[in-house]
Amino acid sequence: MMNFAPTASRLPEPRRLAAALCALLLGALLTVSAGSARAGNSAWDDIRSELYGAEQTFQPAAGVIELEAPYRALDASTVPITVTAKIPQSEERYIRSLTLVVDENPAPIVGTFHFSPANGIASISTRVRVNAYTNIRAIAETNDGTLYMAAEYVKASGGCSAPASSDQEAAMARMGKMKLRQLGAWRLNETAEAQFQVSHPNYSGFQQDQVSQLWIPAHYVRAITLTLGEREILRFDGDISISENPTFRFFVKPQGSEVLHAKVVDSEDKVFEQSWPIQVEPSS
């Protein structure tokens, strides 16, 4: 077959230069297009349809929430995520839930955090597993039912199959032990920050025992409820994509010398509970 397209070597010098520039530009455009297609993967369409229905629309997140995630994660099994709320938790308007989604995970819905005005501000920090290069999404629902979505692209892989940080026997021996830290000074009716952690292997079902090489069945935290006095201040409904030893940084408005109580339920219906008296300083 004859080729009628002129090659670069047959072109006069000016046209040869123009052809080279066009080739470079075309390559750049193809690269950008490939990157956009990768970042805009179709997995989200199925996830959105399952969670909210295919016709659900989302408002821009600006002014309501801000999502922070590393562009390239150091450890795919413990990728730090922070969602910062940009509106206060008032009785008139507040964020009542925040759902985290990792598009390309085998179980993409990390879980949902439930808030109330008792939080003061509905910001949260946690760690998630990331199994492949993916968009991570934070979807906030306000008390009027409006949905706001923020997304960040993260480069990480293998987080759901990464071995646990300790052997299975040690992990099971520590399971259910909890820690609570009051961060900074807690004052009456002022927004204060805390960190909660529960020891749990949070096995994903995609990991192998490093000694026996057998698959470890999925066994993960599916619900955490934190109450302060008689008020529920944070509830989490989760799945396998939350990292082992789930940890949350969150906010609350203390109303006095109360007791913070944690109840954790895992996928095998094991229940763990613990309480801590909180320290409240006089208001400034």
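Which residues touch the most other members of the largest nonpolar core? They are Ile65, Val128 and Phe196, in a core of 55 residues. This is a predicted model.

**Nonpolar cores**
- In soluble globular proteins, nonpolar side chains tend to be buried together.
- Phe196 belongs to the largest nonpolar core.
- Beyond its neighbours within four places in sequence, Phe196 is in contact with residues including Met178, Leu180, Ile224, Leu226, Phe248, Phe250, Val264 and Trp276.
- The contacts of Phe196 also include Lys179, Pro246 and Thr247.

**Strand 4 and its partners**
- Strand 4 spans residues 95-102 and is mostly covered. Seven of its eight residues are buried.
- Strand 7 (residues 134-142) pairs with strand 4 in the antiparallel sense, over seven bridges.
- Leu98 has Ala140 of strand 7 as its bridge partner.
- Strand 5 (residues 109-114) also pairs with strand 4 in the antiparallel sense, here over five bridges.
- Thr99 stands opposite Thr112 of strand 5.
- Strands 4 and 5 form a hairpin, with six residues between them.

**Asp167**
- Asp167 sits in the loop between strand 8 (147-154) and helix 3 (168-174).
- Is Asp167 buried, exposed or partly exposed? Its relative accessible area is 47%, so Asp167 counts as partly exposed.
- Asp167 and Val211 are 44 residues apart along the chain. Their C-alpha atoms are separated by 8.4 Å.

Technical notes:
Residues are numbered from 1 along each chain as its sequence is written. This is a predicted model: local features need pLDDT of at least 70, side-chain atom pairs count only at pLDDT 80 or more; totals for chains, interfaces and linings use all residues. Side-chain values use heavy atoms; hydrogens and water are left out. A nonpolar core is a set of buried Ala, Val, Leu, Ile, Met, Phe, Trp, Tyr and Cys residues joined through side-chain atoms within 4.5 Å. Buried means under 20% relative accessible area, exposed over 50%, partly exposed in between (1.4 Å probe, protein chains only). Contact means heavy atoms within 4.5 Å. Helices (H or I, at least four residues) and strands (E, at least two) are DSSP runs, numbered from the N terminus. Two strands pair if DSSP finds at least two bridges between them.
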